[in-house]
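Please open the model in a viewer and keep the selection panel at hand.

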Amino acid sequence: MRAVQVQEYGGPEVLRTVETEVPEPGPGQVSVDVAYTGVNFADLKARGEGYRVPSLPFVPGLEVSGRVRALGEGVSGVEVGQEVAALTNGGAYADVVVADATTVFPLPSGVDLRTAATLPTVLPTAYALVHAVGRLQPGETVLVQGAAGGIGTAVGQLAKAAGASGVFGVVSGAAKAKYALDHGYDDVFVAPSTNSTASTNSTNSTASTVSAGFVDEVRAATGGRGVDLALDPVGGETFRASLASLAVFGRLVSFGNASSAEPWRVGQPELYPTGLSVSGFSILTLAQTAPDALRALTEQAFAAVAEGVVSLPVTAEFPLEEASEAHRLMGGRTSTGKLLLRVA
């Protein structure tokens, strides 16, 4: 079978299509004939700096749609040939992938395989940020970093559906701002990009991240009050600025560190004066520590898609062999919505 493999860390050029053995499912696992694979920023961090990579060589990719190929011992609830979406521990840039049965989800009625590939990481994450972790209430306001990306696109719609009185986004360019305004946002702030020591194109290059110059705009848009909920996948200075954008009793959820800055630390001096709280979320970690909670979360998120509450546009699609081009597009920070690899 075909697989896109990384044998050394670096830029998009290190992604190479190879022929390899078809993986077989072990106990409690399912193998899937892949139709589409979702491309995520975590894939770029894995390729460039070894994020969540146990060893080289490795095949990136965290989410797929396709049809069940084979069942491992003890697996029930899905059948061979059934259309599914799956969250994986890696290996999704391939014709066949193996996933734990707990992270393989039958498709809701009316959801096709192309749409399904956008769901496993983005939709449960967005749903958790708004509901399970962020606990957004009707009438509250929310600030979202990366508002034009996959998660940002879904969060804007989910927050509106949850009754948010103001949904504000931060993006890195005017074209992204227009896109976000079309997907649930009331106002979008354009923060210029800055250079970070993070590597998305090679192990030695710099990456562009949105600067933290949005606090004054957030305060102005909320009459000086700040927002009730801020969602941050960037970390570093952006995390600090998001914290500074909160209203009294506000909540900040960290769900990534795209900047590759030093892990954030916050304590009494920042939290006590206005009763702030900070929490975190990682769908990949939740899959390992609380798979039952992940399944419940995913079922709720998929239902929102089936009911038309939220949709995630596919804005670019590449053949499997052109995975490097998908990485170049995402790494250039000009993409919006969801990027897919077409496998079968």
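Begin with the largest nonpolar core, which has 55 residues; select Leu123, Leu136, Val142, Val155, Tyr185, Leu231 and Phe281, the members that touch the most others. A nonpolar core is here a set of buried Ala, Val, Leu, Ile, Met, Phe, Trp, Tyr and Cys residues joined through side-chain atoms within 4.5 Å. Buried means under 20% relative accessible area, exposed over 50%, and partly exposed in between (1.4 Å probe, protein chains only). Helix H3 (122-132) gives the largest share of this core, seven residues. Helices (H or I, at least four residues) and strands (E, at least two) are DSSP runs, numbered from the N terminus.

The model is predicted: local features need pLDDT of at least 70, side-chain atom pairs count only at pLDDT 80 or more, and totals for chains, interfaces and linings use all residues. Residues are numbered from 1 along each chain as its sequence is written, and side-chain values use heavy atoms, with hydrogens and water left out.

Next, centre on Val155. Leaving aside neighbours within four places in sequence, Val155 is in contact (heavy atoms within 4.5 Å) with Ala126, Leu129, Val130, Val144, Tyr185 and Leu231. Another core, of 37 residues, lies apart from the largest one; select Phe58, Val75, Ala326 and Leu339 among its members.

Turn now to the pockets. On a 1 Å grid over the protein atoms alone, a pocket is an open set of points where a 1.4 Å probe fits, with protein on both sides within 12 Å along at least five of seven lines; lining residues have an atom within 4 Å of a point. The largest pocket holds about 1100 Å³ of space. Its lining numbers 42 residues, with Phe41, Ala42, Ile151, Pro233 and Phe255 the closest to the centre.

The second largest pocket has a volume of about 250 Å³. Select Tyr51, Arg52, Leu62, Asn89 and Gly90, which lie nearest its centre among 20 lining residues. H1 supplies the largest share of this lining, three residues.

Finally, display the backbone. Most residues other than glycine have a negative phi, and most peptide bonds are trans. Leu56 and Pro57 are joined by a cis peptide bond, with omega about -10 degrees; Pro57 is in the loop between H1 and strand S4 (63-71). Ser260, in the loop between strand S14 (246-254) and helix H8 (268-271), has a positive phi near 55 degrees. Arg333 also has a positive phi, about 60 degrees. Is Arg333 buried or exposed? Arg333 is buried, with a relative accessible area of 19%.

How values were computed. Grid points are joined across faces, edges and corners, and a volume is the space filled by probe spheres set on the points.
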